[in-house]
Amino acid sequence: MRVLVLSQYPVEEARHGGQLRLRGLIEAYKSAGHDVALAGVLGGTGYPESVGFLPHPTGALSKPKYGGIGNEDLGIARLLSEGGDYYTKLVKKIEVIPDVIHVEQPWLFAFAQMYAKSVHDQKVVKLVYGSQNVEFVLKREILAAANHPETEELTEAVRQLELSAVREADAVICVSQSDVDWVKQHSDVPVHLASNGISPSSADTAGIEAANQLTQKHKFGLFCGSAHQPNVNGFASMFGGGFGSLDHDQRLVIAGAAGYLINAHPVLQTSSKLTDNLIIAGMVSDQCLAGLLATAHCIVLPITQGGGTNLKTAEALWAGKHIVATKVAMRGFEAFIGTPGVTVEDSPGGFKRALRRAMQAPALILSDADRQARKVVLWEACLQNLPAFVENIVGRAS
Amino acid sequence: MSSKQPTVWMNVTTSHNWQRPAVGVVRVEKELTEGLERLIGSAGFKRCVWRENRFVEVHLAAPAVSQTAVSAPPPPTSALDETPLLFPLLPKKAALAAMAQAALSLTPARLRPFANRALLSAKFRLGRYLQNRARATASGTAVYAPAPAHHESQPIPGVEFKAGDILVSVGLDWDHPYWRSFAMLRKVYGLKVVTCCYDLIPVLYPQYCVSDVAKRFTGYFIDVAEGSDLTLCISKQSERDLKNLLSDVGGVDVPTHIFPLGDNVIASESKVSPAIAQLTAAPYVLFVSTIERRKNHEVLYRAYHLLCARGFKDQLPKLVFVGMPGWGVSELLKDIELDPLTQGMIVQLNHVSDSELAHLYKHSEFFLFPSLYEGWGLPVGEALALGKAVLCSDRGSLPEVGGDLVTYLDPWVPEAWADEILRLSTDKAALAMTEANVRANYKIREWKDSCSSVHIALQSLQQRLFSQMLSPGYDMQTEIGQHAGSALIGDKSGWLMRGPQRAIPAGTYQVRIDCNDYSSDVAAIFSVVSGSSTIEHAVGDMEVGNGGDGGVTLHFTLSEAVHDIEFRCWLSSGRLSINNVVIDQAA
């Protein structure tokens, strides 16, 4: 089976959750013996050039009709659906007509439909929509948080894109049960649940040393997050209003690009004592990140917005540390709520109290049975049934 | 090694620097100091003050810095018996704030908005400069990192504190830097720290304070909770407010003890100025308090305005405010000065002596206290102690002071105050009955009871057994291994673990050292030492458990407190991870 995967980001040097999921999907298809090609349009200027991808269309997106800054995902969707130069250029990136197009997120779904129609005389190409969350809900939250003047219009545009994808695809893949439920409310197509997972990694001596350099061997809680606005909003809402969860010799480390946004966020100035114990590490090497995960006493997941599942939650579960999370952060991993070391709190006060309790508790040591139970967070477990599901879709008559 | 019996150290920094009559917090510190010394005895009770970044002992009889201080610096040139300073010393930040406040106050009214803007701008720029400077010194790998805390860059202590001693600090602690050291004094020096929460007004009602102090005081309460073994609270209200704040921010759930403040019973009224004698010849009602927004003089003015407008002016006693005008009341005072309806009915007195105050209390018709919030409310107790009827706000701790002997009113409703003032002013029988009830039933709170209450709490604290959990990876050093989170791991021969060199009181102990990851050929010896590793208290070999857990349990007794207890592990062969060290004092 030939699989064409369409996305707005490459998977080399995968950083954020979307990239990691995409990489996991591709590896799952390949492991099942399928040919996989990746193509798309780079969703931002920060992504490196990559085979199969058109550069980010900065100039073209400057027109107001594409949604402006912060809505590049929607802008690219609109640009490609117009069927102009960009459509033609992206078609040229597709070297072999695939049996199935897996469209990760809804942005290139219209393109995939147009392309499939254009080659219909040669081959029936099935379309699989890979949902990462209910995008329009997340879009509304982000725009509303930024007081965007066109919040409702843009949200509705995303909702229409998404509804088109779930209704017109041959199958849909979701990351959480709640997302599956939403899709089933709007479509009768087959839906497959494939939670987000992680690749198992372990810290080496150099990684631990790098982490120690950063933390100065203080006992610390860890927050890993990309420069995704919900990460910042969640941090600000959970840790605003004064922060007393840590003793004077404990630290809260922020790893990942979320740190750069948090560093400029007013909550650092307004929330008493929040900066006193904060180490904003920013982007760190994979080796150092593994060291941080291995040496953290507690991992916090203060995510209050967004759908889908959070890969950082899977990483935290696999790391075997105390976890303090919101319900949103545990979406897709509900089975672990209440298991050893996992605390869920949605109010800022409750979250901060839970963090204090976790930081005062002895280091978490998981039993063999608990460790075994957490293997479900690995990609190989999360995606093991995906290829067969898609093979079945491809094998079905149209 | 030091003597066996724990000492109670009273931090008298506030009263030591205070040059005026002791009121409020200063009074509490002085009363508790004297009362506790009586109850504990001078052998187990010492005074200390914060000086040159450490505590130094002071003696009551001959004020001088103790020369017995072990790690204290030489006494500063300004010895304690020098000419008293004209003003109490302030921390740098507070001094800058005071200078700014003075500049604003001395600026002519028409120029004040400009001066205010200039000061705000200066404050912002200074803050940004300090922040940038702090960031510039952060490590290269971190965008932002906290500056090293005071306790990490230099040793704190001072006087001969020994593990198990109690430090009681109930002064104006927030105006000094020493509260930041409490957590370290507990953790490293084994001291038991007792602090006091008077109220949370700056956090709960920052609008009634001079500047936006909520953030600063929130941080203060968070730090003090971490640095306290016990926090004394002056009312159920202040305890509740403190607990709520700490719960909201995830702070330490510090143990608390409510103790009653003594009433200031004013007995003497020997010297009264002619002006006050003349004023008190006619009926008047009294409100004793600094004139500031939170105290809510405004509701009384409005009540009088309403009553005068309704034609009751002739039936009303005068309204006397005793207290210094403070911040944010200039417009109210102007209204009172200019209002033709209340003209001549409202009198302000400032700088009255104790005997004049006694005279004013004694001869008043009744007492008023409309404050919007209090942590306690001493004047209500004063009035009740003198048998006066009281109309009182129902907010904050005030119902705790007056119990059911007081008429409570909503401080935001002038009509309610007007009605009650008129009723008590015109119904002499009702007033007499209320006074009789107060005289018969109000039990004066005495300072000796306050001291006894605190003393009992200290005795209970003294009995609390030492217990500490150490994480080798964070709290100990290694010569041959690696810090890996809470654990120390190693696979070479040598000292895998040493530390933490902290103080620990005299007593009998069990220490459990847990190792949950090791190779089958592991061989290790654990020991407990002190006195710069010259005294060995216990030693034992690594024990391998059935379920993969290993470690050792050691027992030892210290006849005296030590300041550098150390738990060590010599790894002879194999691979070992030490995860946890738990020390428990036996009863």
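Does A:Gln105 count as buried or exposed? With 26 C-beta neighbours inside 10 Å, A:Gln105 counts as buried; the class requires 20 or more other C-beta atoms within 10 Å of the residue's own, exposed means 12 or fewer, partly exposed lies in between, and C-beta atoms are placed from the backbone.

Before continuing, note that this is a predicted model, in which local features need pLDDT of at least 70, side-chain atom pairs count only at pLDDT 80 or more, and totals for chains, interfaces and linings use all residues. Residues are numbered from 1 along each chain as its sequence is written, while chains are lettered from A and ligands numbered from 1 in the order in which they are written.

**Stop 1: the backbone at A:Gln105**

Keep A:Gln105 selected and display the backbone torsions. Phi of A:Gln105 is near 70°, a positive value in a residue other than glycine. Most residues other than glycine have a negative phi, and most peptide bonds are trans. A:Gln105 is placed in the loop between strand 4 (100–104) and helix 4 (109–118) of chain A. Helices (H or I, at least four residues) and strands (E, at least two) are DSSP runs, numbered from the N terminus.

**Stop 2: chain A as a whole**

Select chain A, which contains 17 helices and 13 strands. The C-alpha trace of chain A spans about 70 × 50 × 40 Å along its principal axes. A compact globule of 398 residues would have a radius of gyration near 21 Å, and the 21 Å of chain A agrees with this; the radius is taken over C-alpha atoms, and the globule rule is 2.2 Å times the number of residues to the power 0.38. Of the 398 residues of chain A, 54% count as buried.

**Stop 3: the two domains of chain A**

Colour domain 1 (2–194 + 383–395) and domain 2 (205–377) of chain A separately; such bounds come from an automatic or database domain assignment. The C-alpha centres of domain 1 and domain 2 of chain A lie 30 Å apart. Across the boundary, 17 residues of domain 1 of chain A are in contact with 15 residues of domain 2 of chain A, contact meaning that the C-beta atoms, placed from the backbone, lie within 7 Å. On the domain 1 side, helix 1 (17–31), helix 5 (135–145) and helix 7 (177–186) of chain A each supply at least two residues. Helix 5 of chain A gives the largest share of that side, five residues.

**Stop 4: where chain A meets chain B**

Show both chains. The contact takes 41 residues from chain A and 30 residues from chain B. Among the elements of chain A that each supply at least two residues to this side are helix 8 (205–215), strand 10 (278–282) and helix 14 (348–360).

**Stop 5: chain B and a core residue**

Select chain B, whose secondary structure comes to 19 helices and 27 strands. Of its 587 residues, 42% count as buried. Next, centre on B:Val390. B:Val390 is one of the residues that touch the most other members of the largest nonpolar core, which has 268 residues; such a core is a set of buried Ala, Val, Leu, Ile, Met, Phe, Trp, Tyr and Cys residues joined through C-beta atoms within 7 Å. Leaving aside neighbours within four places in sequence, the contacts of B:Val390 include B:Phe366, B:Phe367, B:Phe369 and B:Val406.

**Stop 6: two open sheets of chain B**

Display the five-strand open sheet of chain B with the order 14-27-19-24-23 and antiparallel pairing; two strands pair if DSSP finds at least two bridges between them. Strand 14 (467–470) and strand 23 (543–544) of chain B stand at the edges, each with a single partner strand, so one side of each lacks a neighbour in the sheet. Four bridges join strand 14 of chain B to strand 27 (residues 580–585) of chain B, and B:Met469 has B:Val582 in strand 27 as its bridge partner.

Then select the four-strand open sheet of chain B, ordered 15-16-26-20 with antiparallel pairing. Three bridges join strand 15 of chain B to strand 16 (residues 487–490) of chain B, where B:His483 stands opposite B:Leu488.

**Stop 7: two backbone details in chain B**

Select B:Gly499 and B:Pro500: the peptide bond between them is cis, with omega near 5°. B:Pro500 lies in strand 18 (residues 500–504) of chain B. Finally, select B:Ser532, whose phi is near 55°, a positive value in a residue other than glycine. B:Ser532 is in the loop between strand 21 (523–530) and strand 22 (535–541) of chain B, and with 9 C-beta neighbours inside 10 Å it counts as exposed.

Methods
Contact = placed C-beta atoms within 7 Å.
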